[in-house]
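I opened my notebook to look up two things in this structure.

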Amino acid sequence: MSSGTIRLIRHVSGAPALRLGLGPGLRPVGALTQLGRLFDRESFWAAGRDPDGLRRMLRGSQAAVSAWDGERLVGFGRATSDGAYRAVLWDVVVAGDHKGRGLGRRLVEALVEAPALARTERVYLMTTNSAGFYERLGFRSKESQNLMVKEKASG
Ligand SMILES: CC(C)(COP(=O)(O)OP(=O)(O)OC[C@H]1O[C@@H](n2cnc3c(N)ncnc32)[C@H](O)[C@@H]1OP(=O)(O)O)[C@@H](O)C(=O)NCCC(=O)NCCS
(Lines give C-alpha, C1' and ligand atoms only; values in the text may rest on other atoms or scores of the structure.)
Protein backbone atom coordinates (compact mmCIF):
# COMPACT_ATOMS: atom_id res chain seq x y z
CA MET A 1 0.00 0.00 0.00
CA SER A 2 1.06 3.57 -0.67
CA SER A 3 2.05 5.58 2.39
CA GLY A 4 2.08 9.06 0.87
CA THR A 5 4.17 11.25 -1.36
CA ILE A 6 6.19 9.58 -4.08
CA ARG A 7 9.74 10.85 -4.44
CA LEU A 8 11.46 10.75 -7.82
CA ILE A 9 15.23 10.36 -8.06
CA ARG A 10 16.80 11.55 -11.32
CA HIS A 11 20.00 9.55 -11.51
CA VAL A 12 23.20 10.78 -13.11
CA SER A 13 24.48 8.85 -16.13
CA GLY A 14 25.25 5.26 -15.13
CA ALA A 15 23.17 5.53 -11.92
CA PRO A 16 26.12 4.70 -9.60
CA ALA A 17 24.10 5.03 -6.36
CA LEU A 18 21.40 2.66 -7.59
CA ARG A 19 24.07 0.18 -8.68
CA LEU A 20 25.34 0.24 -5.10
CA GLY A 21 21.83 -0.51 -3.79
CA LEU A 22 21.24 3.00 -2.42
CA GLY A 23 17.85 4.71 -2.34
CA PRO A 24 16.49 8.05 -1.07
CA GLY A 25 19.02 9.99 1.01
CA LEU A 26 21.67 7.52 -0.22
CA ARG A 27 20.44 5.00 2.33
CA PRO A 28 21.15 1.30 1.71
CA VAL A 29 17.74 -0.11 0.80
CA GLY A 30 18.64 -3.07 -1.40
CA ALA A 31 17.70 -1.00 -4.44
CA LEU A 32 19.11 -3.46 -6.97
CA THR A 33 17.19 -6.36 -5.44
CA GLN A 34 14.06 -4.21 -5.38
CA LEU A 35 14.57 -3.31 -9.04
CA GLY A 36 14.83 -6.99 -10.00
CA ARG A 37 11.62 -7.72 -8.10
CA LEU A 38 9.80 -4.79 -9.72
CA PHE A 39 10.80 -6.10 -13.16
CA ASP A 40 9.76 -9.64 -12.19
CA ARG A 41 6.31 -8.48 -11.06
CA GLU A 42 5.47 -5.77 -13.57
CA SER A 43 7.15 -6.76 -16.85
CA PHE A 44 7.44 -9.80 -19.06
CA TRP A 45 10.49 -8.63 -21.04
CA ALA A 46 12.70 -7.78 -18.04
CA ALA A 47 11.72 -10.62 -15.68
CA GLY A 48 14.56 -12.79 -14.38
CA ARG A 49 17.38 -10.26 -14.80
CA ASP A 50 20.21 -10.95 -12.36
CA PRO A 51 22.05 -8.35 -10.24
CA ASP A 52 25.17 -8.42 -12.42
CA GLY A 53 23.11 -7.79 -15.55
CA LEU A 54 21.13 -5.02 -13.83
CA ARG A 55 24.38 -3.30 -12.80
CA ARG A 56 25.72 -3.43 -16.37
CA MET A 57 22.36 -2.20 -17.70
CA LEU A 58 22.47 0.82 -15.36
CA ARG A 59 26.12 1.57 -16.11
CA GLY A 60 25.23 1.75 -19.82
CA SER A 61 22.18 4.00 -19.38
CA GLN A 62 22.68 7.74 -19.84
CA ALA A 63 19.45 8.51 -17.95
CA ALA A 64 17.54 6.65 -15.23
CA VAL A 65 14.71 7.65 -12.91
CA SER A 66 13.49 5.77 -9.85
CA ALA A 67 10.33 6.46 -7.78
CA TRP A 68 10.14 5.79 -4.06
CA ASP A 69 7.33 5.40 -1.55
CA GLY A 70 9.48 5.78 1.56
CA GLU A 71 12.18 3.13 1.08
CA ARG A 72 10.10 1.05 -1.33
CA LEU A 73 10.89 1.24 -5.05
CA VAL A 74 7.57 1.77 -6.84
CA GLY A 75 8.64 2.95 -10.29
CA PHE A 76 11.55 2.97 -12.67
CA GLY A 77 12.53 3.97 -16.18
CA ARG A 78 15.78 4.42 -18.10
CA ALA A 79 17.09 5.64 -21.44
CA THR A 80 20.11 5.38 -23.68
CA SER A 81 21.13 8.39 -25.73
CA ASP A 82 23.86 9.77 -28.01
CA GLY A 83 23.12 13.21 -26.57
CA ALA A 84 22.40 14.80 -29.95
CA TYR A 85 20.29 12.83 -32.41
CA ARG A 86 18.84 9.61 -31.04
CA ALA A 87 17.64 8.31 -27.69
CA VAL A 88 15.60 5.27 -26.67
CA LEU A 89 13.41 4.79 -23.60
CA TRP A 90 13.59 1.39 -21.90
CA ASP A 91 12.01 -0.51 -19.00
CA VAL A 92 9.35 1.96 -17.80
CA VAL A 93 7.48 0.18 -14.99
CA VAL A 94 5.14 1.21 -12.17
CA ALA A 95 4.22 -1.03 -9.21
CA GLY A 96 0.70 -2.46 -9.38
CA ASP A 97 -0.71 -0.50 -6.45
CA HIS A 98 0.66 2.79 -7.86
CA LYS A 99 -0.64 2.48 -11.41
CA GLY A 100 -3.18 4.95 -12.75
CA ARG A 101 -2.07 7.89 -10.58
CA GLY A 102 0.21 9.72 -12.97
CA LEU A 103 3.48 8.11 -11.87
CA GLY A 104 4.21 6.60 -15.30
CA ARG A 105 3.76 10.05 -16.81
CA ARG A 106 6.16 11.57 -14.26
CA LEU A 107 8.79 8.92 -15.01
CA VAL A 108 8.63 9.41 -18.79
CA GLU A 109 8.62 13.21 -18.50
CA ALA A 110 11.66 13.09 -16.19
CA LEU A 111 13.51 10.86 -18.68
CA VAL A 112 12.72 13.05 -21.67
CA GLU A 113 13.86 16.12 -19.69
CA ALA A 114 17.09 14.47 -18.46
CA PRO A 115 20.31 16.18 -19.62
CA ALA A 116 21.21 13.28 -21.93
CA LEU A 117 17.86 13.51 -23.75
CA ALA A 118 16.72 17.11 -23.47
CA ARG A 119 18.38 18.18 -26.72
CA THR A 120 18.14 14.97 -28.76
CA GLU A 121 16.36 15.24 -32.08
CA ARG A 122 14.23 12.10 -31.68
CA VAL A 123 13.23 9.75 -28.83
CA TYR A 124 12.22 6.17 -29.68
CA LEU A 125 10.63 3.40 -27.66
CA MET A 126 9.21 -0.08 -28.13
CA THR A 127 6.01 -1.20 -26.50
CA THR A 128 3.83 -4.30 -26.69
CA ASN A 129 0.80 -3.31 -24.63
CA SER A 130 1.19 0.35 -23.66
CA ALA A 131 0.95 2.34 -26.90
CA GLY A 132 -2.11 4.19 -25.55
CA PHE A 133 -0.09 5.37 -22.53
CA TYR A 134 2.71 6.75 -24.72
CA GLU A 135 0.24 8.40 -27.11
CA ARG A 136 -1.08 10.37 -24.12
CA LEU A 137 2.48 11.61 -23.66
CA GLY A 138 2.91 12.77 -27.25
CA PHE A 139 4.52 9.72 -28.88
CA ARG A 140 3.21 8.51 -32.26
CA SER A 141 3.46 5.17 -34.07
CA LYS A 142 5.66 5.23 -37.17
CA GLU A 143 4.09 2.98 -39.78
CA SER A 144 6.88 3.85 -42.21
CA GLN A 145 9.56 2.16 -40.10
CA ASN A 146 10.14 -1.52 -39.33
CA LEU A 147 11.38 -2.71 -35.97
CA MET A 148 14.22 -5.18 -36.69
CA VAL A 149 15.99 -7.31 -34.08
CA LYS A 150 19.07 -9.53 -33.96
CA GLU A 151 18.98 -11.75 -30.88
CA LYS A 152 22.17 -12.97 -29.21
CA ALA A 153 22.52 -16.66 -30.06
CA SER A 154 21.88 -18.81 -26.98
CA GLY A 155 24.09 -21.65 -25.77
C1 LIG B 1 2.38 1.57 -18.66
C2 LIG B 1 2.61 2.07 -17.24
C3 LIG B 1 4.08 2.45 -17.07
C4 LIG B 1 1.72 3.31 -17.02
O5 LIG B 1 1.97 3.83 -15.73
P6 LIG B 1 0.82 4.56 -14.89
O7 LIG B 1 1.45 5.19 -13.72
O8 LIG B 1 -0.29 3.61 -14.63
O9 LIG B 1 0.31 5.65 -15.95
P10 LIG B 1 -0.23 7.13 -15.63
O11 LIG B 1 -1.18 7.03 -14.47
O12 LIG B 1 0.90 8.07 -15.53
O13 LIG B 1 -1.05 7.41 -16.96
C14 LIG B 1 -0.80 8.54 -17.79
C15 LIG B 1 -1.91 8.59 -18.84
O16 LIG B 1 -1.85 7.41 -19.67
C17 LIG B 1 -3.10 6.72 -19.59
N18 LIG B 1 -2.76 5.27 -19.61
C19 LIG B 1 -2.07 4.57 -18.70
N20 LIG B 1 -1.90 3.29 -19.11
C21 LIG B 1 -2.54 3.20 -20.30
C22 LIG B 1 -2.71 2.14 -21.24
N23 LIG B 1 -2.20 0.90 -21.03
N24 LIG B 1 -3.40 2.40 -22.38
C25 LIG B 1 -3.90 3.63 -22.62
N26 LIG B 1 -3.74 4.70 -21.77
C27 LIG B 1 -3.06 4.47 -20.64
C28 LIG B 1 -3.73 7.15 -18.29
O29 LIG B 1 -5.13 7.01 -18.33
C30 LIG B 1 -3.30 8.61 -18.23
O31 LIG B 1 -4.11 9.36 -19.11
P32 LIG B 1 -4.52 10.90 -18.76
O33 LIG B 1 -3.24 11.67 -18.63
O34 LIG B 1 -5.34 11.31 -19.90
O35 LIG B 1 -5.24 10.83 -17.45
C36 LIG B 1 2.19 1.02 -16.18
O37 LIG B 1 0.86 0.62 -16.42
C38 LIG B 1 3.07 -0.22 -16.16
O39 LIG B 1 4.05 -0.29 -15.43
N40 LIG B 1 2.73 -1.23 -16.97
C41 LIG B 1 3.47 -2.48 -17.03
C42 LIG B 1 4.81 -2.29 -17.69
C43 LIG B 1 4.69 -1.70 -19.07
O44 LIG B 1 3.95 -2.18 -19.91
N45 LIG B 1 5.49 -0.63 -19.30
C46 LIG B 1 5.62 0.00 -20.59
C47 LIG B 1 6.81 -0.59 -21.23
S48 LIG B 1 7.10 -0.12 -22.86
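My entries on the helix pair and the ligand follow.

**Entry: the helix pair**

I noted at the start that this is a predicted model. I looked up helix α2, residues 31-42, and helix α3, residues 51-59. They pack at an angle of about 95°. Their axes are 10 Å apart. Angles of 65 to 115 degrees count as roughly perpendicular, and α2 and α3 are therefore roughly perpendicular to each other.

Next I asked which residues of α2 meet α3. I found Leu-32, Leu-35, Gly-36 and Phe-39 on the α2 side. On the α3 side they meet Pro-51, Leu-54, Arg-55, Met-57 and Leu-58. I sorted the residues of this contact by type and got 7 nonpolar, 1 polar and 1 charged.

**Entry: the ligand**

For a polar backbone atom of Arg-101, I read 3.2 Å. Arg-136 takes part through its side chain, with an N or O atom 2.8 Å from a ligand oxygen.

Last, I looked up cover. The ligand on its own has 920 Å² of accessible area, and the protein covers 70% of that.

Note on methods. Residues numbered from 1 in each chain as written. Predicted model: local features only at pLDDT ≥ 70, side-chain atom pairs only at ≥ 80, totals over all residues. Heavy atoms only, no water. Axes fitted to C-alpha atoms, helices over the stretch in contact; angles between N-to-C directions. Helix = DSSP H or I, 4+ residues; strand = E, 2+ residues; numbered from the N terminus. Parallel < 35°, antiparallel > 145°, perpendicular 65-115°, else oblique. Contact = heavy atoms within 4.5 Å. Nonpolar A, V, L, I, M, F, W, Y, C, P; charged D, E, K, R; others polar. Polar contact = N/O pair within 3.5 Å; in protein donor to acceptor, adjacent residues only side chain to side chain. Areas by Shrake-Rupley, 256 points an atom, 1.4 Å probe, with all protein chains shown as cover.
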